[in-house]
Amino acid sequence: MPSNLQLTLKSQRFRDERKEDWRTLERLLSQVEAGRTRQLSDADMLRLPRLYRATLSALSVARATSLDQSVIAYLESLTTRAYYAIYGSQIGLGKRIVKFFTRDWPEAMQTLSRDTIASAVFLILGTCVGYVLVMNNPDWYYSFVPQGLAGERTPAASTQSLRSVLYDNNGADGLGIFAAFLFSHNSRVAILCFALGFAFCIPTIVLLLMTGLMLGGFMGLYASRDLGFELGGWLSIHGTTEIFAIILAGAAGLFIGRAIAFPGERSRIESASYAGQIGGLAMAGVIIMLFFAGLLEGYGRQLINVDWLRYAIGLGMLSIWLAYFYIPRDFSRFDIDMNTSKISQK
Amino acid sequence: MNRNFSDIDRRSLVTPEGIDLRVKLADIGARIGAMTLDLLIIIAMFFAVVFALIYLGINTGAGEAAIALMILFAFFLRSFYFMFFEMGRRAATPGKRIMKIRVAARGKPRLSANAVFARNALREIEFFLPLGFLASAGSAGVDGWMSALGLIWSCIFLFFPLFNKDRLRAGDLIAGTWVVQTPRPILAQDLASADIIGRDRFAFTPQQIEAYGVKELHVLEDVLRAKDSETLKDVAARIRKKIGWVQSGAEADIDFLSAYYGALRGRLETKLLLGVRRRDKFDKR
């Protein structure tokens, strides 16, 4: 039985006067969060930022004048949600995809070019060592190429059977499975190569060298049987894309490792998160490349048995990638976003 | 009651309007809970789709396509489940939504897709790598030892969030993100407007009201909201003793406490308007 004598506290009045606004904001927010922004009326769209600011100012008044914890907690969580909904809103998926292909991806590749060279050097170094060692003593092959991967392709196999592997199309059955498997396997290796860069580059370098040794061992084995040219075609049809992608994943890993080990003028954490953004972009691209590589390896290589055609496709893909990534162009047409984020990094 | 003591979880987040929202970091329990839920969902989805594909594959004879789809689906589920949901509007996987937490960019309002990608790519070494080592750690000989060493090494990443104050995963560190709480805002009833039986009877003297400060007021608020009769009785007895209040026969503890809460809050808020925040009962202002 509330009596008339009851004094209403100022903080209570404050709350009662604004309660409706807060509830409205809450309702609008749940619609926005559920992705139903389009269903909001124009009036509601205009009200949203106004209500957000009003609630924000209510929060700061409440913090200064109210001792009701529940109101402050409520306003804090409400404004935080509103803040993320209003300032964190993303541009549409379509625009983001366009921006990724026209600008973000090639620009990230250009930022990574030094690391890409380093990564390629490690891989090639591994390949050369593997090649030379296996040429001199085929037994090395067993140390470089894991048994599961080698299958029948070992120094013990006859030249004839080694040759048949290159042109055997497995009866063109199960190519879809093969392509899907290759894609998912390679993508995981690439993601691992990238993620390991976090530990100051070292595991990434090891992984690159090991991949190189495997590749070199393979080449050495085939070259020692005079099948070098044929293997080149077999490898290059998908390998130019796949190996390039792995080099890029390694580069992204090196970039991050470098940013953590030598942050330069930035703080270590800032430097890491800047590198992570670029690396993340690069990796999204790597996955796309590996998807193509999977198709080329699963279908193209199995269905095309002519050496020069394999070479032509491989080199063609390589030149497309190189042109796409490295031809200098003016990215500033799509600017704004990148620039602001770069400034805030400093 | 821990609301009073949880300030170590708070991080400053200043809006463009210049107000610090003081976001709360998600605690480790919620993060582990969310991850567990997500894994359960992933496993359930995986089996559901696998059985559906097997069923379709057998019935339509398109076994090859079914297997290829299965491999792709498994890969996408493992690598992109987290990314897909965290790139969404709520920046949270279903598990995170249930635990009422979300991913947010540190110091920036917008969580970019690249950040989400980088954050989740690192899951591969934080979670799946230890899992892989764990699976092979049982094998005998040198391989087993190598796996054990690998497991120890990769556990550094797994337990990374426990060893830094912002509870960042390695992925969060790289991506410039962190995980914050987003509780559903619930506007609880204002205790000062509670219906009190016999309000007129509770007329406190200024000395009686002056007995406590803000800290005690907040504890009292928590007690009143929890409504645990034992605690209410205890607290009421203690306050009565402290302020020298004689309990009349019909006076219920909760009414007494609510009335005292209203009076105390009114008093302290008036002081607050004059610029004095009396922290606790030892603060002589």
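In strand E3 of chain B, Ile101(B), Val103(B) and Ala105(B) point one way, while Arg102(B) and Ala104(B) point the other way, and all of them are buried. This is a predicted model, and the predictor gives the complex an ipTM of 0.83 and a pTM of 0.79. Between the two chains, 63 residues of chain A are in contact with 60 residues of chain B.

**Strand E3 of chain B and its partner**

- E3(B) is mostly covered, with five of its five residues buried.
- The strand pairs with strand E4 (residues 177–181) of chain B in the antiparallel sense, over five bridges.
- Within this pairing, Arg102(B), one of the buried residues of E3(B), stands opposite Val180(B) in E4(B).

**Positive phi in chain B**

- Lys100(B) is not a glycine, yet has a positive phi of about 60°.
- Lys100(B) is found in the loop between helix H3 (94–98) and strand E3 (101–105) of chain B.
- Lys100(B) counts as partly exposed because it has 15 C-beta neighbours inside 10 Å, whereas the residues of E3(B) are buried.
- Lys227(B) is another residue other than glycine with a positive phi, here near 55°.
- The loop that holds Lys227(B) runs between helix H9 (214–226) and helix H10 (229–243) of chain B.
- Lys227(B) has 9 other C-beta atoms within 10 Å and is therefore exposed.

**Contact between chains A and B**

- The contact involves 63 residues on chain A and 60 residues on chain B.
- On the side of chain A that touches chain B, two or more residues each come from helix H1 (10–33), helix H2 (42–65), helix H3 (69–87), helix H9 (175–196) and helix H12 (268–303) of chain A.
- H3(A) gives the most to this side, with 13 residues.
- By residue class, the side of chain A that touches chain B divides into 30 nonpolar, 24 polar and nine charged residues.

**Domains of chain A**

- The domain assignment of chain A gives domain 1 (10–87) and domain 2 (95–345).
- The C-alpha centres of domain 1 and domain 2 of chain A lie 50 Å apart.

**Nonpolar cores**

- The largest nonpolar core has 130 residues, and those that touch the most other members are Phe198(A), Ala245(A), Ala249(A), Ala252(A), Ala282(A), Met283(A) and Val286(A).
- Helix H11 (residues 228–261) of chain A gives the most to this core, with 18 residues.
- Leaving aside residues up to four places away in sequence, Val286(A) touches Ala190(A), Ala245(A), Leu248(A) and Ala249(A).
- A second, separate core has 19 residues, including Ile196(B), Tyr212(B), Leu257(B) and Leu264(B).

**Confidence in chain B**

- The average pLDDT of chain B is 83, and 94% of the residues score at least 70.
- Confidence in chain B is highest in H3(B), at a mean of 93, and lowest in helix H6 (residues 141–158), at 76.
- H3(B) is also the helix on one side of the loop that holds Lys100(B).
- Over residues 1–5 of chain B, pLDDT stays under 50, and the model has five contacts beyond four places in sequence for these residues.

Notes. Residues are numbered from 1 along each chain as its sequence is written. Chains are lettered from A and ligands numbered from 1 in the order in which they are written. This is a predicted model: local features need pLDDT of at least 70, side-chain atom pairs count only at pLDDT 80 or more; totals for chains, interfaces and linings use all residues. Two residues are in contact if their C-beta atoms, placed from the backbone, lie within 7 Å. Helices (H or I, at least four residues) and strands (E, at least two) are DSSP runs, numbered from the N terminus. Ala, Val, Leu, Ile, Met, Phe, Trp, Tyr, Cys and Pro count as nonpolar, Asp, Glu, Lys and Arg as charged, and the others, Gly among them, as polar. A residue is buried if 20 or more other C-beta atoms lie within 10 Å of its own, exposed if 12 or fewer, and partly exposed in between; C-beta atoms are placed from the backbone. Domain bounds come from an automatic or database domain assignment. A nonpolar core is a set of buried Ala, Val, Leu, Ile, Met, Phe, Trp, Tyr and Cys residues joined through C-beta atoms within 7 Å. Two strands pair if DSSP finds at least two bridges between them. pLDDT is the predictor's confidence in each residue, from 0 to 100.
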